[in-house]
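Here is a short tour to read beside your sequence and 3D view.

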Amino acid sequence: MSMELIKPGVNIDFVGKMKYAMAFSAILFLIGIGSIIYHGGFNLGIDFAGGSIIQVKFSKNISADQIRTALKSTKLENSTIQQFGTNEFLIRTSESFSDQNILAANVEQPLSMAFNKDYEIRRVEVVGSKVSADFTRKAIIAVIFSWLAILIYVTWRFEFRYAAGGILALVHDTLIVIGAVSVMNMEFTINILAVLVFVIGFSINDTIVTLDRIREIVKRNPKQKLGDIINLAINETLSRTILTSLTVFFTVLALYIFGGAVIRDFAFAMLIGTVIGTYSTVYIACTSVLLFENLQLSKMKRRN
Amino acid sequence: MFKSLKLRVAITLIVCIGALYFLIPTFFQNIPSSWNKYLAKEKIHLGLDLQGGMHLVLEIDTDKALEAMMETNSNDLKESLMDSKVRFRNLGKAKGATISLELTDSTGKTALENVLRDKYPDLEIASTSQGQGGELVNIKIKDKRAVELKKLTVEHSIEKIRGRVDEFNLQEPDIIPEGDNRVIVQLPGVKDTEGVKEKFRKTAFLEFKLVDEENSIDEALRGNIPEGDIIAYGLREDKSTGQRGQVPYLLKNRSMLTGASLKDAKVQIADRFGDVTVSLTFNSQGAVDFERITGENVRKRLAIVFDGEVLSAPVIQERISGGQAQITGNFTMEEASKLAGFLRGGALPAPVNILEERTVGPSLGSDSIRQGVQATIIGSLLVILFMIIYYRLSGAVADIALIVNILLIMAVLAAFRATLTLPGIAGMLLTVGVAVDANILIFERIREELRTGKTVRLALNTGYDRAFITIIDTHITGIVAAVVLIFFGRGPIKGFAVTTIIGLLASLFTSIFITRVIFDYVMGKYNIKKLSI
């Protein structure tokens with residue numbers, strides 16, 4: 001007897017719960033939008049907003065407040081200081097220090113005075129406004145193009161209404177991950193952008209497997225009602241969907257736990273994306289195929 | 001695909017051995033040198049985030065270069081117009097890279113056009129308008145020529161940047177032009193980050209200019225700068241107090257000679273007081289020019305200006321032949337050797353702005369790689385364990401494919417000199433997930449087929465056939481998304497995209513082809529009635 005997560009012959013009525021799913025997604029959207037408004041826009045990282053990040057590791061226990069005190073009356077007075085691993089801190093400011101002397105005067109000297117050189121500057125990143133404006137433009141283009149590219153590919157392989165369902169799910173996932181990033185008040189960095197594209201890839205991967213099954217069943221029983229076909233397809237592929245999502249989830253979880261502070265945010269956004277990607281496959285992509293079908297039907301009726 | 005099992009086994013073995021071949025330099029450090037010529041040379045390159053180092057995005061300010069060019073042109077044009085007896089006034093460099101002047105003769109414009117055509121083929125009249133005392137003329141560089149000049153400036157600048165980078169003697173510096181006027185400079189393992197930036201912040205433009213001793217500097221400081229003059233500042237050390245202050249100089253704007261005429265520059269301890277000087281050696285044309293300039297201007301002061309700052313302004317005692325000169329500033333040894341280094345390397349044709357800077361210390365880099373590798377190993381082990389528990393022996397087959405997949409990614413990275421970055425490791429982990437997904441798809445199908453009572457062989461065949469199209473689709477969409485990221489194309493993201501693409505391609509091979517070969521091989525060898533799945 002082999003191990004089975006989902007017993008064959010399971011028949012959960014996913015399509016029937018479509019309304020709840022839509023309400024659930026709508027709530028997630030609202031939370032995301034609410035959070036973005038509450039935080040006064042995105043917490044853009046220096047990649048997109050310009051500025052500097054200095055990562056400092058101390059050899060003894062030090063609090064963010066101590067650093068803040070040390071940096072008082074320098075240009076970094078208003079910077080955000082964030083704990084980052086043990087005794088390690090990120091100092092972030094909107095100022096772009098292109099000049100090492102300014103950096104030395106505003107960071108190294110005050111820190112040396114306060115903490116006796118018991119620290120090491122491990123990373124300095126400075127992004128000027130020209131580059132960050134460029135990044136922002138390219139980032140938006142990249143996300144939209146990946147949607148488009150996938151839309152074209154899926155339309156070519158399937159039909160447009162399938163593709164439209166898939167894309168709807170992608171847009172849904174992208175927005176919810178962006179919302180989650182905002183809720184956690186995480187910085188929106190290039191790495192988060194990479195996550196968005198990863199989520200796009202992962203979500204469409206899942207969606208295609210299920211759409212494939214829908215197509216297969218339609219071929220077998222062309223007379224069956226689309227709602228039932230969709231339900232059947234989701235149920236038949238359910239064990240695979242859940243297994244794959246779990247393996248990806250656990251590998252990303254490993255990255256989150258063991259990958260170090262630098263990619264923790266990256267891994268966290270990926271975890272959210274994995275869960276949402278799976279959910280959207282079942283509830284958004286497939287059910288919206290039905291939605292598009294119904295729309296077409298009602299159009300036809302009106303014409304008749 | 002390939003019917004013959006023998007052929008498929010052979011392909012599998014060749015690919016595996018090939019992968020191991022390219023990974024030898026990465027895994028084994030001490031290979032006897034006599035073997036080297038038979039082995040692959042390239043190790044996996046680690047990105048800056050993993051080995052520490054510096055990433056800079058520089059912008060070459062080509063507009064400034066054109067402006068400087070027009071500055072020189074305007075000085076020359078003045079003389080050419082006087083030579084051709086064209087009457088004009090208020091000639092000077094105007095806003096941007098243009099020259100403006102006022103022609104006072106009615107025939108002036110034709111004469112100006114003639115001068116431009118004969119001597120300044122790059123320039124043209126941009127606009128004319130009627131002024132009070134004559135015709136106002138704006139001159140600009142021809143558009144096509146301006147584009148060419150900018151391109152040339154960028155090319156020359158990159159050459160010079162390369163030269164300056166080489167002075168740091170780094171293992172594998174990377175200089176990549178980006179867009180029209182940007183350069184990405186990657187300096188793995190560099191320690192002196194401050195020194196690097198200073199190297200780019202200085203254009204290192206050396207000029208010799210005569211000091212204007214006929215006009216008063218005080219009057220000029222009050223705002224009445226004589227035509228053709230500029231004010232420049234230099235450092236002066238008070239010998240008795242040791243304090244340094246700024247001293248203004250009134251200079252004739254025209255450069256008599258520039259750093260382009262230099263052949264060499266060295267630091268010398270000049271005299272018995274131990275003063276440090278920088279000695280210059282001119283190239284042959286430079287030596288001739290210098291001799292002429294000094295001969296014509298004996299008893300006058302010649303200022304040596306470096307990036308707009310007056311280093312010294314000695315009085316020319318006599319005609320200097322032999323192509324040698326000394327700069328006796330108030331240098332420390334360190335300042336002098338820096339200056340000599342800049343002069344040897346030559347000036348950047350245009351100022352350089354640092355648009356972006358990312359520095360990762362070596363300790364952070366090694367932390368990152370340790371954690372990244374750890375996460376990948378733990379993640380992969382989890383997946384491997386899960387597959388064996390859930391799918392038993394079939395799971396083990398998928399695990400073999402998975403391990404080959406990871407080896408293939410690393411081999412391709414090594415063979416094509418691609419760089420492994422931290423997001424690259426994440427990408428590798430992602431493909432582990434996708435590769436396993438392909439096998440889950442196949443196995444779930446096989447289970448479905450087995451449930452309908454099919455024989456093992458038939459179930460295997462249908463399982464693979466049915467899952468094949470789906471797997472192709474999922475992989476291609478993944479690749480499509482990753483390709484978009486490559487076009488977005490910046491360091492860390494690119495690393496993520498590249499490993500993902502390699503991984504997905506490898507996964508197509510390992511999770512469909514290799515697992516099938518193993519199944520077919522075992523099925524052919526033993527008479528299997530029940531599949532462990």
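Chain A has a radius of gyration of 24 Å, whereas a compact globule of 304 residues would be near 19 Å. That radius is taken over C-alpha atoms, and the globule rule is 2.2 Å times the number of residues to the power 0.38. This is a predicted model, in which local features need pLDDT of at least 70 and side-chain atom pairs count only at pLDDT 80 or more, while totals for chains, interfaces and linings use all residues. Residues are numbered from 1 along each chain as its sequence is written, and chains are lettered from A and ligands numbered from 1 in the order in which they are written.

**Chain A overall**

- Along the principal axes, the C-alpha atoms of chain A fill a box of roughly 80 × 55 × 30 Å.
- Chain A has 9 helices and 4 strands; helices (H or I, at least four residues) and strands (E, at least two) are DSSP runs, numbered from the N terminus.
- Reading from the N terminus, the elements of chain A go α-α-β-α-β-β-α-β-α-α-α-α-α.
- Domain 1 of chain A covers 15–44 + 131–303 and domain 2 covers 51–127, with bounds from an automatic or database domain assignment.
- The centres of domain 1 and domain 2 of chain A, taken over C-alpha atoms, are separated by 39 Å.
- In chain A, 47% of the 304 residues count as buried; buried takes 20 or more other C-beta atoms within 10 Å of a residue's own, exposed 12 or fewer, and partly exposed lies in between, with C-beta atoms placed from the backbone.
- Of the contacts in chain A with a separation of 6 or more, 79% come from residues 24 or more positions apart; a contact is two C-beta atoms, placed from the backbone, within 7 Å.

**The largest nonpolar core**

- This core holds 224 residues, and Ile150(A), Val177(A), Val195(A), Val197(A), Ala269(A) and Leu58(B) touch the most other members.
- Helix α10 (residues 362–415) of chain B gives the most to this core, with 19 residues.
- A nonpolar core here is a set of buried Ala, Val, Leu, Ile, Met, Phe, Trp, Tyr and Cys residues joined through C-beta atoms within 7 Å.
- Leaving out residues up to four places away in sequence, Val177(A) touches residues including Val195(A), Ala269(A) and Ile276(A).

**Where the chains meet**

- Contacts link 57 residues of chain B with 54 residues of chain A.
- On the chain B side, α10(B) supplies the largest share, 15 residues.
- That side of chain B has 33 nonpolar, 13 polar and 11 charged residues.
- Strand β4 (residues 119–127) of chain A runs antiparallel to β17(B), joined by 5 bridges; strands pair if DSSP finds at least two bridges between them.
- Across this pairing, Val124(A) stands opposite Thr359(B).

**Strands and a loop in chain B**

- Strand β11 (residues 244–258) of chain B pairs with strand β9 (residues 206–211) of chain B in the antiparallel sense over 4 bridges, and Lys209(B) stands opposite Ser255(B).
- Strand β10 (residues 229–237) of chain B is also antiparallel to β11(B), with 9 bridges, and Tyr233(B) has Pro248(B) as its bridge partner.
- Gly322(B) sits in the loop between β15 (309–312) and β16 (324–327) of chain B.
- Gly322(B) is exposed because 10 other C-beta atoms lie within 10 Å.
- Gly322(B) and Ala287(B) are 35 residues apart in sequence, yet 6.5 Å apart in space, C-alpha to C-alpha.

Technical notes:
Ala, Val, Leu, Ile, Met, Phe, Trp, Tyr, Cys and Pro count as nonpolar, Asp, Glu, Lys and Arg as charged, and the others, Gly among them, as polar.
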